[in-house]
Amino acid sequence: MQVIPDPVGRVRQITWIINPHQVNNLPVDGTCATKAQRYARSPRFVYSFVNRAHDSGQVHVEKLVCNTEQRSAIDALYLTQSEQRFTFNSTAASQASAEQMLKIHGLDHASLKQLEKRWKVVWTTRACGYSTTARQAAFESRNGIHKKGGAWARCAPYDFTGCLAHADITYDNVSGHTFRILGLLQHNEECQDSAMKRMPAIPLHQHVFEVALQQLKQGATITAIQMRNVEMCKAQAYRDQRLSDPMQANQRYHLEASDFSRLYVLHHRTNGIDVKRPAELNVDNWLNKSSRSFQKDVFNAIFHYSPRTSASERFELFISTSEMEEAAWMHVHNSQLILDGTFGISSSRLLLWIAMGLDSDRRGLPVALFLFSAPAGALATHAGYDTEIVSRLLTTWKTWLSSRPSAKGRVFEPAVAITDTDAKERGALIATWPSITLLLCKFHLRQCWTNKRIHLLRLYSQLKCTCAINRLIQSTHHETAKAAVAAERQHFLKLQGDRSSKPSADKGLAFLAYLDSFWMRKDMWRSWSQSGRVEAAARMGIPIDGVLPTTNHLEAFNGVFKNKYLPQWQRSGYRLRFDVLILHLVRHILPHIFTLVRQRGEIAAWRRARFSVAAEGAPLLRSRAGAQSTSNSSRPMAWFGNDPQRDQLAAEILRSQRLFPVISRNTNELWACCATSASHPGTKESARYWLTLHLSGVATCTCPDWLQRGGACKHLRS
């Protein structure tokens with residue numbers, strides 16, 4: 001190894017030089033030649049040899065970054081054979097002599113551990129020069145950059161003196177025996193007389209790092225780590241803390257803000273991520289079988305990867321683990337698919353598209369993740385996609401799944417897909433699966449309509465609009481829906497005749513025109529109306545209640561993903577690098593999600609087996625809430641006896657649109673009002689009957705028929 005003194009007149013470096021091509025041809029001094037060759041062949045031996053011709057390249061002095069005067073002096077030193085050379089053998093006397101020489105020059109292990117030492121040990125690949133100016137010039141030349149702000153500020157404890165002292169030491173890395181010391185060991189006068197001018201960097205004790213890393217692994221915050229550090233320092237609970245002499249200590253135990261950068265580097269390194277390298281290079285190496293950094297588990301989980309090699313290309317990486325592949329065939333093929341995208345998950349401009357299905361417990365389960373970059377020049381990341389890219393990712397997923405052994409000759413195709421109101425997603429789904437049934441999320445639909453209505457109507461009666469919208473969403477015939485819109489239009493046309501009502505009427509007509517222009521087209525109407533849900537249920541062979549009305553499962557997953565899983569690897573809330581995100585998705589987040597699914601299934605099976613004898617084989621409900629949920633999904637909320645006459649009158653009430661929902665103040669009841677047949681439903685003075693329907697099945701109405709007879713009237717049946 002090559003040890004160079006710290007004051008920039010002394011290169012702050014220890015150089016480990018290994019040149020296996022010179023092992024069999026090492027012309028060193030007399031008696032040491034055969035021994036050097038023997039140790040050079042030993043795997044325990046870290047060696048550095050100098051050619052007898054004193055070629056400066058053999059000593060690797062080119063690794064020392066120094067100014068022109070120093071370079072010339074060092075080259076002349078070896079050309080004139082003026083360097084100091086000492087050889088030693090393995091005997092006790094020879095090793096004692098070597099240890100004494102190292103101690104005299106401050107090169108022994110004890111001296112090198114002192115922070116006020118005049119030598120500093122660093123790796124060759126991080127060589128620092130004698131001169132700060134020379135170091136800056138070498139760095140900028142090597143990296144092709146120029147640091148803004150002029151010359152670098154010196155950080156070394158000692159001032160620059162132009163000292164030429166340096167040492168190349170050959171020793172056994174296991175036994176610690178020293179076999180050769182080569183170089184110039186005497187410092188110049190200025191170096192010998194110089195005093196420390198700047199505070200040296202004091203390293204943090206290894207045990208502090210160990211404790212903090214364990215906390216990070218458990219998801220602790222920076223605040224929690226700092227509090228734990230304060231408590232342990234106060235109790236002197238760190239290793240060696242009680243035994244160390246403060247006046248001789250070369251390490252500290254108190255965490256500083258600057259330590260967390262190093263701490264996070266080590267934390268990521270324990271997970272196999274080198275954050276010193278560019279994120280795109282890490283990902284490429286993980287997926288390259290010929291790379292030493294190849295990660296088999298990451299490679300197996302990614303079914304499509306396309307690096308971004310030019311400004312016109314996108315970075316694309318699609319994830320589907322073996323469990324996700326199995327879930328896609330089990331829960332999405334010929335069933336329901338939820339599709340939506342999110343952003344703000346990475347420090348890079350990446351979008352994450354999520355394909356999700358429902359498991360047997362009707363819980364959302366991700367079956368594929370699609371990461372891709374926004375196009376160059378895009379002003380907003382969330383808008384950095386179009387129908388083409390979404391179609392490409394869906395087609396790639398379909399082709400890959402259909403070609404897998406799990407396909408068993410099948411072509412992957414969901415029967416139904418539910419999305420928000422984004423037309424680009426719908427276009428991509430149709431392009432990938434032309435026969436798919438598309439549904440719109442009711443929440444996003446109402447949100448879209450509400451925003452438009454508020455923008456246009458302002459003071460228009462929200463209750464009347466809500467009632468009209470509910471009737472539209474519940475419509476099962478396109479003609480009926482169009483007739484409802486036409487009736488509303490006639491109502492507004494009449495209001496235009498009244499000067500006080502004309503502004504509201506004009507805005508109401510504008511809102512109806514908005515509905516007619518896009519939402520009332522038959523294919524679009526079918527995707528958000530009850531008709532589409534009826535069609536989807538028939539296609540999948542399930543009850544209508546089994547058809548998803550919203551994308552809430554995926555929205556909830558996004559919330560858990562961003563607020564639960566990602567923060568444990570984020571640094572002070574900062575977004576993750578995308579290589580960190582990808583690795584944790586594959587190794588931690590997705591496996592954890594599917595482990596929870598398996599555990600829920602195992603617990604449910606255990607419960608059934610545990611109490612099957614006591615229940616005499618009958619199915620058991622977990623709780624009162626579960627009983628209500630199961631009951632409501634398996635039978636109507638209320639049961640009425642057969643009465644064809646009243647059923648016919650109830651159908652007439654629905655056709656005449658005289659039944660209106662009312663917001664209930666009781667979470668266990670549904671409320672509604674029904675205009676009497678003798679009054680016009682659109683007038684405020686119309687007589688109305690009030691209806692309630694309790695979750696227990698009890699129903700009431702204020703009409704004479706119910707009050708006198710007590711049975712289900714036509715209003716309740718409607």
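Which residues touch the most other members of the largest nonpolar core? The views below start there. This is a predicted model, in which local features need pLDDT of at least 70 and side-chain atom pairs count only at pLDDT 80 or more, while totals for chains, interfaces and linings use all residues. Residues are numbered from 1 along each chain as its sequence is written, and side-chain values use heavy atoms, with hydrogens and water left out.

**View 1. The largest nonpolar core and a second one.** A nonpolar core is a set of buried Ala, Val, Leu, Ile, Met, Phe, Trp, Tyr and Cys residues joined through side-chain atoms within 4.5 Å; buried means under 20% relative accessible area, exposed over 50%, and partly exposed in between (1.4 Å probe, protein chains only). W353, F370, L394, W397 and F561 touch the most other members among the 83 residues of the largest core. The biggest contribution to this core, 11 residues, comes from helix α23 (residues 578-611). Helices (H or I, at least four residues) and strands (E, at least two) are DSSP runs, numbered from the N terminus. Leaving aside residues up to four places away in sequence, F561 touches I345, L352, L566, L581, L585 and I589, where contact means heavy atoms within 4.5 Å. A second, separate core has 22 residues, including I473, Y514, W525 and W528.

**View 2. Helix α8 meets helix α9.** Here α8 (residues 206-217) and α9 (residues 222-235) have axes that come within 10 Å and cross at roughly 145°. Axes are lines fitted to C-alpha atoms, for helices over the stretch in contact, and angles run from 0 to 180 degrees between N-to-C directions. From α8, look for V208, V211, A212, Q215 and L216; their partners in α9 are A224, I225, R228, N229 and M232.

**View 3. An open sheet of four strands.** The strands follow the order β15-β16-β17-β18, with antiparallel pairing; two strands pair if DSSP finds at least two bridges between them. At the edges, β15 (659-662) and β18 (699-701) each pair on one side only. Strand β17 (residues 688-694) runs antiparallel to β18 and is joined to β18 by three bridges. You can find L693 opposite A699 of β18.

**View 4. A look at D284.** D284 lies in helix α11 (residues 279-286). With a relative accessible area of 31%, D284 is partly exposed. D284 and P307 are 23 residues apart in sequence, and their C-alpha atoms are 7.7 Å apart in space.
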